[in-house]
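Dear colleague,

I am passing this structure on to you, with notes on its charged pairs and its strands below. Please read them alongside the coordinates.

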Amino acid sequence: MTRVVVWGATGHAAVVREALGGTATLLALFDNRDIPSPFDGVAIHLGEAGFDDWERGYRGERPVHGCVAIGGAGGRDRLARMHWLHLRGYPPLAVLHPRAFIAADASLGAGCQVLAMAAVCTRATLGEAVIVNTGASVDHDCIVGDGAHLAPGARLAGEVVVGECAFIGTGAVVLPRIRIGAGAIVGAGAVVTRDVAADATVAGNPARLLRRNPSHA
Ligand SMILES: CC(C)(COP(=O)(O)OP(=O)(O)OC[C@H]1O[C@@H](n2cnc3c(N)ncnc32)[C@H](O)[C@@H]1OP(=O)(O)O)[C@@H](O)C(=O)NCCC(=O)NCCS
């Protein structure tokens with residue numbers, strides 16, 4: 001049985017736990033915010049100090065894997081926390097729902113989450129800590145950068161390139177061969193017909209620029 005600690009205690013943690021089903025034992029849950037636990041009987045340890053306390057008291061078996069349940073447009077935080085956990089000795093756990101489709105020749109980086117009814121099609125490449133959320137799809141030959149998140153029902157047509165930590169909102173559609181820049185946000189339900197600049201937010205059908213996001217670089 002795989003052992004895992006989860007960082008992030010919002011609804012996405014519940015989605016991840018369901019996806020893992022009986023294949024992993026959740027040992028501990030961490031969050032930077034003092035919020036109620038989404039799970040009965042599993043307390044939240046607060047921040048890095050809480051992690052240190054938990055780790056000092058842990059007497060169980062190893063290895064223990066790390067999983068980061070930070071969704072939304074938090075790709076940079078998810079990626080950074082995944083690397084932090086890895087450096088602390090908790091290798092990233094891939095969360096691949098048993099009802100997701102992943103083509104045999106697709107390539108997935110460390111710590112990807114491919115959730116229920118999602119599809120990652122032939123020759124697609126996902127970087128590290130990518131989320132392909134419930135019912136989202138990544139078609140043939142797409143390249144999805146580290147930390148990107150496709151929200152539930154988002155759809156990438158073939159040969160789309162998504163930059164690092166971009167967020168594609170729920171139900172959005174991205175037409176073939178479009179390039180979405182790093183850190184960009186695509187609004188829910190958008191239809192993206194033109195390339196999107198790095199750190200831009202676009203929305204609507206056809207998608208239009210709403211604003212430029214402050215750069216996180
Ligand atoms: C696009 C988005 C990021 C904009 O958020 P925001 O910067 O807070 O923008 P606001 O809510 O202030 O809206 C600004 C304007 O854009 C419009 N707008 C917002 N989201 C829109 C969308 N998805 N499609 C079309 N128009 C949208 C608003 O109606 C508003 O228009 P107005 O100025 O004419 O009133 C957000 O609305 C969105 O779609 N997020 C995706 C959420 C999602 O998919 N979550 C999944 C979690 S797993």
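A residue is called buried under 20% relative accessible area, exposed over 50% and partly exposed in between, using a 1.4 Å probe and protein chains only. This is a predicted model, in which local features need pLDDT of at least 70 and side-chain atom pairs count only at pLDDT 80 or more, while totals for chains, interfaces and linings use all residues. Residues are numbered from 1 along each chain as its sequence is written, and side-chain values use heavy atoms, with hydrogens and water left out.

Helices (H or I, at least four residues) and strands (E, at least two) are DSSP runs, numbered from the N terminus. A salt bridge is taken as a side-chain nitrogen of Lys or Arg within 4 Å of a carboxyl oxygen of Asp or Glu, and under this rule the structure has 6 salt bridges.

One of them joins Arg81 and Glu48, whose closest N and O atoms are 3.0 Å apart. Because Arg81 belongs to helix H3 (residues 75–87) and Glu48 to helix H2 (residues 47–57), this pair ties together parts that are 33 residues apart in sequence. Arg81 is buried, at a relative accessible area of 12%, whereas Glu48 is partly exposed at 37%.

Within helix H2, Asp53 and Arg56 are 3 residues apart, or about one helical turn, and their side chains form a salt bridge with an N to O distance of 2.6 Å. Here Asp53 is partly exposed, with 48% relative accessibility, and Arg56 is exposed, with 57%.

Asp141 and Arg123 form a further salt bridge, with closest N and O atoms 2.9 Å apart. Asp141 sits in the loop between strands E12 (137–138) and E13 (143–144) and Arg123 in the loop between strands E9 (119–120) and E10 (125–126), so the pair ties together parts 18 residues apart in sequence.

Two strands count as paired if DSSP finds at least two bridges between them. Strand E1 (residues 2–7) runs parallel to E2, with 6 bridges, and Thr2 stands opposite Ala24 of E2. E2 is also joined to strand E3 (residues 44–46) by 3 bridges, again in the parallel sense, with Leu46 in E3 as the bridge partner of Asp31.
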